[in-house]
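Please open the model in a viewer and keep the selection tool at hand.

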Amino acid sequence: MTSLPEDKSNNEKVTFVTGNVGKLREFQEYFGHDIGKHFVNKDIDLEEIQGTPEEIIRAKLLKAREVVKGPLVVEDTSMGFHAYHLLPGPYIKHFLKSCGCQGLIDMLEGKKDKSAQALCVIGFLDSDTTKCEIFIGKCEGEISPEVRGKNNFGWDPIFIPLHERNKEKLTFAQLDIKIKNEISHRGNALKLFQSFIEQWSKKKY
Ligand SMILES: O=c1nc[nH]c2c1ncn2[C@H]1C[C@H](O)[C@@H](COP(=O)(O)OP(=O)(O)OP(=O)(O)O)O1
């Protein structure tokens with residue numbers, strides 16, 4: 001299990017509420033060694049509502065608030081096919097669990113349009129407010145005709161990000177985590193979140 005490094009300073013830490021090891025790994029890779037100065041991780045199973053990505057993230061933050069007192073961050077990721085008007089979208093977790101990566105490929109059988117979009121929504125809630133800050137990152141891609149690369153994170157082995165850094169059309173699972181973070185939905189959301197959290201820490205301490 002990936003865990004964030006401990007830090008003994010007195011700064012109030014932001015709690016990243018997630019039970020998803022893949023998310024934690026990419027978060028840690030993005031922020032680097034200092035991550036423990038700012039964040040701690042708590043694995044709480046947060047019930048997910050149905051709705052738009054913004055509605056889902058707000059509900060996730062408010063649910064987490066019932067358990068975590070201090071500043072907190074949650075994340076929700078969806079992935080959908082343009083041929084299906086971006087469904088499964090927020091329901092991708094359930095599709096993946098029941099059909100697997102091959103099942104997702106099969107959903108596009110006979111469809112000419114294999115394009116897909118990944119969306120990452122990061123939500124932040126400070127301790128003294130109910131105002132949710134939301135950061136959204138997107139990544140356009142296409143679904144690979146077969147499962148490729150080591151599957152250690154969700155639908156990574158079938159998602160080919162369309163980006164000039166990926167001329168070889170590798171799936172996320174075949175790309176180095178550093179490159180994934182530079183071009184992915186999560187990386188794009190983290191860029192926005194990072195500038196916010198740096199300003200927030202300056203004001204706070
Ligand atoms: O970059 C990614 N590359 C491939 N797969 C990914 C990625 N990011 C999330 N995923 C998968 C995990 C889950 O099957 C679904 C999102 O579900 P999602 O509700 O956001 O996450 P979760 O319940 O696993 O963790 P959490 O404890 O943070 O709510 O897509």
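Is H85 exposed or buried? Select H85 in this predicted model: at 74% relative accessibility, the residue counts as exposed, because the cut-off for that class is over 50%. H85 sits in the loop between β3 and β4. Its phi is positive, about 50 degrees, although H85 is not a glycine.

**The whole chain**

Next, display the entire protein as a cartoon. Followed from the N terminus, their order is β-α-α-β-α-β-β-α-β-β-β-α-α. The protein is as compact as a globular protein of its length, because its radius of gyration of 17 Å is close to the 17 Å that the globule rule gives for 205 residues. The C-alpha trace spans about 55 × 35 × 30 Å along the principal axes.

Of the 205 residues, 44% are buried. Among contacts between residues at least 6 apart in sequence, 62% join residues at least 24 apart.

**Backbone stops**

Return to the backbone and select L87 and P88. A cis peptide bond joins these two residues, with omega at about 5 degrees. P88 belongs to strand β4, residues 87-89.

Move on to K169, in the loop between β7 and α5. K169 has a positive phi, near 55 degrees, and is a residue other than glycine. Its relative accessible area is 39%, so K169 counts as partly exposed.

**Charged side chains**

Now colour the charged side chains. The protein carries 30 positive and 30 negative side chains, and the centres of the two sets lie 1 Å apart. The count of salt bridges comes to 13. Three of these pairs follow.

*E48 and K60.* Select both side chains: they form a salt bridge whose closest N and O atoms are 3.1 Å apart. E48 is in the loop between β2 (39-42) and α3 (53-65), whereas K60 is in helix α3, and the two are 12 residues apart. E48 is partly exposed at 34% relative accessible area, whereas K60 is buried at 8%.

*E75 and R186.* Where in the chain are the partners E75 and R186 found? E75 is in strand β3 (residues 72-81) and R186 in helix α6 (residues 185-204), so labelled, the pair links parts of the chain 111 residues apart. Their side chains meet in a salt bridge at 2.5 Å, N to O. E75 counts as buried at 3% relative accessibility, and R186 counts as buried at 2%.

*R165 and E182.* These side chains also meet in a salt bridge, at 2.1 Å from N to O. R165 lies in the loop between β7 (159-161) and α5 (177-183) and E182 in helix α5, so the pair ties together parts that are 17 residues apart in sequence. Both partners are partly exposed: R165 at 44% relative accessibility and E182 at 39%.

Conventions: Residues are numbered from 1 along each chain as its sequence is written. This is a predicted model: local features need pLDDT of at least 70, side-chain atom pairs count only at pLDDT 80 or more; totals for chains, interfaces and linings use all residues. Side-chain values use heavy atoms; hydrogens and water are left out. Helices (H or I, at least four residues) and strands (E, at least two) are DSSP runs, numbered from the N terminus. The radius of gyration is taken over C-alpha atoms; the globule rule is 2.2 Å times the number of residues to the power 0.38. Buried means under 20% relative accessible area, exposed over 50%, partly exposed in between (1.4 Å probe, protein chains only). Contact means heavy atoms within 4.5 Å. Lys and Arg count as positive and Asp and Glu as negative; His and the chain ends are not counted. The place of a charge is taken as NZ of Lys, CZ of Arg, CG of Asp or CD of Glu. A salt bridge is a side-chain nitrogen of Lys or Arg within 4 Å of a carboxyl oxygen of Asp or Glu.
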